[in-house]
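I opened this notebook to record a few look-ups in one structure. The entries follow in the order in which I made them.

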Amino acid sequence: MLDFRCVESLRLRYPNREHADLALSPGVHAIGRDADGRTALVRDGADAVAQVCVDRRGVWLQVREGVRGLHVNGRPVRRMAMLRAGDAIFLDGVELLLLAGEPAPAPADYGFGEAPESRMVIRGIAGPHHGRCYPLDKPRTIGRASECDIRIDDASFAERHARLEAHADGVVLRDMGSVEGSLVNGRPVRNALLRPGDQLVLESQHRFVIEAPSRGGGGEPPHTPHPVEFEAEERTRPAAALPSSVRRMPWLLLAAALLAAALSLLLLYGAS
């Protein structure tokens with residue numbers, strides 16, 4: 001989820017910054033084409049191909065019925081998706097990047113032994129590590145080298161790209177000599193303090209999110225559906241997810257039918 005203390009910093013950015021950013025304040029924003037044919041925020045919702053809703057729950061992308069070719073992080077969205085800062089939205093021939101505020105700088109000290117979120121994890125949400133979860137109970141290195149905890153098997157990737165360590169205030173990201181650094185919530189960084197919900201992107205296709213359990217509860221860290229996951233879960237929800245009372249209905253109907261048949265036979269043979 002986004003930190004809405006910084007909601008005023010939300011914006012959609014063109015890839016080469018050839019046009020001004022599209023600022024996203026709380027509310028509903030229609031996206032279409034302006035008079036010059038550029039992708040822009042439009043006032044008339046009838047001209048929109050999609051709309052972005054910013055509220056207390058997060059940022060939601062809704063696609064107009066019949067519109068095709070809209071992708072988030074390279075994967076299609078046909079109806080509705082929940083977005084994270086750092087997502088790349090390919091819309092109407094243009095790729096826009098959803099940005100939040102600048103991440104906090106990395107602290108000088110690591111705060112070992114004081115981290116309240118000792119069960120924080122980094123979860124892959126796109127790329128080869130999609131769906132994999134790495135606990136941050138110890139320092140984790142990311143890179144091409146075989147000894148790295150999170151290995152990126154790509155010849156162009158640095159042998160040791162970055163290091164992640166749990167801190168009392170979140171997770172410290174420290175660059176270890178990469179060429180281009182990393183993206184946190186769409187912002188280029190080398191060293192930063194990451195917090196739960198922040199998205200870490202490495203070379204555009206390797207995407208991760210920091211997750212943590214709530215302070216008051218146990219169990220596994222919550223998993224917020226990502227854009228395409230949101231649609232897939234809606235389409236493939238298993239029948240077992242239905243309430244137990246609904247699942248019992250076929251058996252109740254069968255029992256009622258058998259009882260009715262037994263009463264009919266009793267009346268028939270009793271009368272004779």
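In which strand is the place of Gln 199? I worked from a predicted model, and I found Gln 199 in strand 21, residues 199–202.

I next checked the exposure of Gln 199. Its relative accessibility is 0%, under the 20% cut-off, and therefore Gln 199 counts as buried. I then looked for a partner: the side chain of Gln 199 makes a polar contact with the side chain of Arg 207 at 2.7 Å.

Strand 10 (88–91) and strand 11 (94–99) each supply at least two lining residues. By class, I noted seven nonpolar, six polar and three charged residues in the lining of this pocket.

A separate entry concerns strand 16, residues 162–167. Is this strand mostly covered or mostly uncovered? I found five of its six residues buried, so to speak mostly covered. On one pairing, strand 14 (residues 140–143) runs antiparallel to strand 16 and is joined to it by three bridges; here Arg 140 stands opposite Leu 164. Strand 17 (residues 170–175) also pairs with strand 16 in the antiparallel sense, over six bridges. In that pairing I located Arg 163 opposite Arg 174. A hairpin of two residues joins strand 16 to strand 17.

Terms used
Residues numbered from 1 in each chain as written. Predicted model: local features only at pLDDT ≥ 70, side-chain atom pairs only at ≥ 80, totals over all residues. Heavy atoms only, no water. Buried < 20%, exposed > 50% of the residue type's maximum accessible area, 1.4 Å probe, protein only. Helix = DSSP H or I, 4+ residues; strand = E, 2+ residues; numbered from the N terminus. Pairing = 2+ DSSP bridges. Polar contact = N/O pair within 3.5 Å; in protein donor to acceptor, adjacent residues only side chain to side chain. Nonpolar A, V, L, I, M, F, W, Y, C, P; charged D, E, K, R; others polar.
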